[in-house]
Amino acid sequence: MALPLLRCCSCNRPVSILIRYFTSKSFSANRSRRLASVASAVCGARQYSSERGRHKQNQKVVVIGVPNPFIWCRTRIYLFLIRAYFDKEFSIEEFTEGAKQAFSHVSRLLSQCKFEALEGFVAKDLIGKLEEKCAQLPLSHQRALSAESDEIMYTTTGDVGIYYDNSGRKYVSILMRFWYLTSARLPDESMEGARIFQAAIGGEGERPETKRLLTANYEFQREFTQGVTPDWIITRIEHSKLLD
């Protein structure tokens, strides 16, 4: 059932369990947290390196995106409303960092077909659909679902929604978009439109490793109705050319 758009309201400040879990020191102490700088044209760049023996070389990847002006403005307004009426301490920067860790963790579980482990992170009705889709994917495509934290090149907010249902329950959804590199071997004909990069990671004379730049959309939703457990949960997962 479609949910009507926001009417301004107020409720107690929520505790984001899912996002706080993925930004906790115990989970992310050993993970890279380098975030690409964002220019006025919404550019992202990250430098990654690999080392074999005594040889070490760096490769730079730049991801450039031009946002839809209408969606950009609407997103900023909704983020303001979230802070004003739902959570005064909400930070899109903190949320984004937690969403990146959640994306890396959930995508790894998907690639390993560990669907039972997704409970608590992904909506129950979505888990069943993902299991059916992943069962039809070849092994190479399953491997390409996994996104390591240090291979996420760029992250941005796709859209933000604030809704009521007919019974007055309040919801906030935030769509996050990720660009990540994978070294999984994928047939060219099935990955039309996917960007390809080559990174020299070995010594002279060695064949450079080919990496593909893939995209994924993950939607996080939280119910802000008073008295409801304050959890963010993933309600939508899309991996372009892999899991639509």
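Which glutamate forms a salt bridge with arginine 169? The partner is glutamate 223, with the closest N and O atoms 2.8 Å apart.

## The model and its fold

This is a predicted model, where local features need pLDDT of at least 70, side-chain atom pairs count only at pLDDT 80 or more, and totals for chains, interfaces and linings use all residues. Residues are numbered from 1 along each chain as its sequence is written, and side-chain values use heavy atoms, with hydrogens and water left out.

The protein has 6 helices and 7 strands, taken as DSSP runs numbered from the N terminus (helices: H or I, at least four residues; strands: E, at least two). Along the sequence, the pattern reads α-α-β-β-α-α-α-α-β-β-β-β-β. Of the 244 residues, 45% are buried (buried means under 20% relative accessible area, exposed over 50%, partly exposed in between, with a 1.4 Å probe and protein chains only).

## Salt bridges

The protein holds 6 salt bridges, each being a side-chain nitrogen of Lys or Arg within 4 Å of a carboxyl oxygen of Asp or Glu. Back to the opening pair, arginine 169 and glutamate 223: arginine 169 sits in the loop between E3 and strand E4 (170-182) and glutamate 223 in strand E6, so the bridge ties together parts 54 residues apart in sequence. Arginine 169 is partly exposed at 33% relative accessible area, while glutamate 223 is buried at 13%.

Another bridge joins glutamate 151 and lysine 211, with 3.0 Å between the closest N and O atoms. This pair links distant parts of the chain, 60 residues apart: glutamate 151 is in the loop between helix H6 (139-144) and strand E3 (152-164), and lysine 211 is in strand E6 (residues 209-223). Both ends are buried, glutamate 151 at 15% and lysine 211 at 6%.

Within helix H4, glutamate 97 and lysine 100 are 3 residues apart, which means about one helical turn separates them. Their side chains meet in a salt bridge (3.9 Å, N to O); glutamate 97 is buried at 12%, and lysine 100 at 6%. Glutamate 93, also placed in helix H4, is exposed at 58%. Its side chain makes a polar contact of 3.1 Å with that of serine 91 (a pair of N or O atoms within 3.5 Å; within protein, one must be able to donate a hydrogen and the other to accept it, and residues adjacent in sequence count only if both atoms are side-chain atoms).
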